[in-house]
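Here is a short report on how one protein chain is put together. Keep the sequence and the 3D view open while you read.

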Amino acid sequence: QHYYITNNLSMSQIDAYESTRLSLLDVAMDRLRIGNKKGMIHRIFVSSKLASGLEKKDKKSLGSSIDKFLKHCQSQLSQEPPSGILLMYNQHALFCLESSQEIIMLFMQEINTNLSEIVLESMVLSFTENVQTRLFQHGWADAALPIRPLEQKHETSDSISQVIINTIKQTVSLSEYVNHNVPKVNYRARCETMISSQTQLIVSEEIIEHISSDKSLFSTIDYVEKYTKPLDVVLDQELIWPLEIRLFPYM
């Protein structure tokens, strides 16, 4: 026996169904409206090397310039305000930025251009789209950590992916401490003071050095190119000579 499925819906019925059908974008936008958000929030983790010879005042200046840059981006684009943390070690840095895709892209371009003499060899550790809750709920802050000499190189049998996962987990623990213990008043200045005393919550510089030296990771330059460089797709028939013609009867 053969069974045939027929569609007895009229076009008007189909149009009515399509008009009431929610897309994934509709669902995401509804969540934004319920949460009183201006747009989707994404999160990116970046590790970098710092230029040699930076003193604490230089790191303070770097933190201030990044803070001003993010505030300027937010005011110009009217996007969700940036939040996150910048940890500045002796020779390395760890960024966690939560904001819109537009502001994250501008920040990546800033690292690659205007900050390229100070912030070196930046690698993207993780990028998460449309996060529902922020890790750092009070805003953006930076901390110049106490200078200490690097110990022996970090050696582990874990893959680089697992090392990055552990780094993010430790940063999540740091964010929970910050959200519960650092007041919103004068948040940026108080954040540095309180974070510096919680060494057990901070990823060690040896681990950041281990991650930054891995060449398999995506650099911030690669990240920007993925969004800005036009696609250059070569079709199979373009590699054949002479070129095939009249591939189809109707051509």
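Of the 251 residues in the protein chain, 39% are buried. This is a predicted model. The chain exposes about 15800 Å², and carbon and sulfur atoms supply 54% of that area.

The chain holds 8 helices and 6 strands. Read from the N terminus, the order of elements is α-α-β-α-β-β-α-β-β-α-α-α-β-α. Take the contacts between residues at least 6 apart in sequence: 84% of them join residues at least 24 apart.

**The strand E3**

How many residues of E3 are buried? The count is 8 of 8, so by the under 20% cut-off for relative accessible area the strand is mostly covered. In a regular strand, side chains alternate between the two faces of the sheet. In E3, both faces are covered. His 92, Leu 94, Cys 96 and Glu 98 lie on one side, and all are buried. Ala 93, Phe 95, Leu 97 and Ser 99 lie on the other, and they are buried too.

E3 has antiparallel pairings with E1 and with E2. The table lists both.

| Strand paired with E3 | Bridges | Example of bridge partners |
|---|---|---|
| E1 (residues 42–50) | 8 bridges | Ser 48 and Ala 93 |
| E2 | 6 bridges | Leu 86 and Phe 95 |

The link from E2 to E3 is a hairpin of 3 residues.

**The nonpolar cores**

Nonpolar side chains tend to be buried together in soluble globular proteins. Here the largest nonpolar core has 31 residues. Which residues have the most contacts inside it? They are Ile 85, Leu 87, Tyr 89, Val 178, Cys 191, Ile 195 and Ile 211.

H5 gives the largest share, with 7 residues.

Val 178 is one of the residues with the most contacts inside this core. Leaving out residues up to four places away in sequence, Val 178 touches Phe 136, His 138, Tyr 187, Cys 191 and Ile 195.

A second core is separate and has 27 residues. Among them are Val 46, Phe 95, Ile 104 and Val 224. Phe 95 is also the E3 bridge partner of Leu 86.

Definitions and conventions:
Residues numbered from 1 in each chain as written. Predicted model: local features only at pLDDT ≥ 70, side-chain atom pairs only at ≥ 80, totals over all residues. Heavy atoms only, no water. Core = buried A, V, L, I, M, F, W, Y, C linked by side-chain atoms within 4.5 Å. Buried < 20%, exposed > 50% of the residue type's maximum accessible area, 1.4 Å probe, protein only. Helix = DSSP H or I, 4+ residues; strand = E, 2+ residues; numbered from the N terminus. Contact = heavy atoms within 4.5 Å. Pairing = 2+ DSSP bridges. Areas by Shrake-Rupley, 256 points an atom, 1.4 Å probe, with all protein chains shown as cover.
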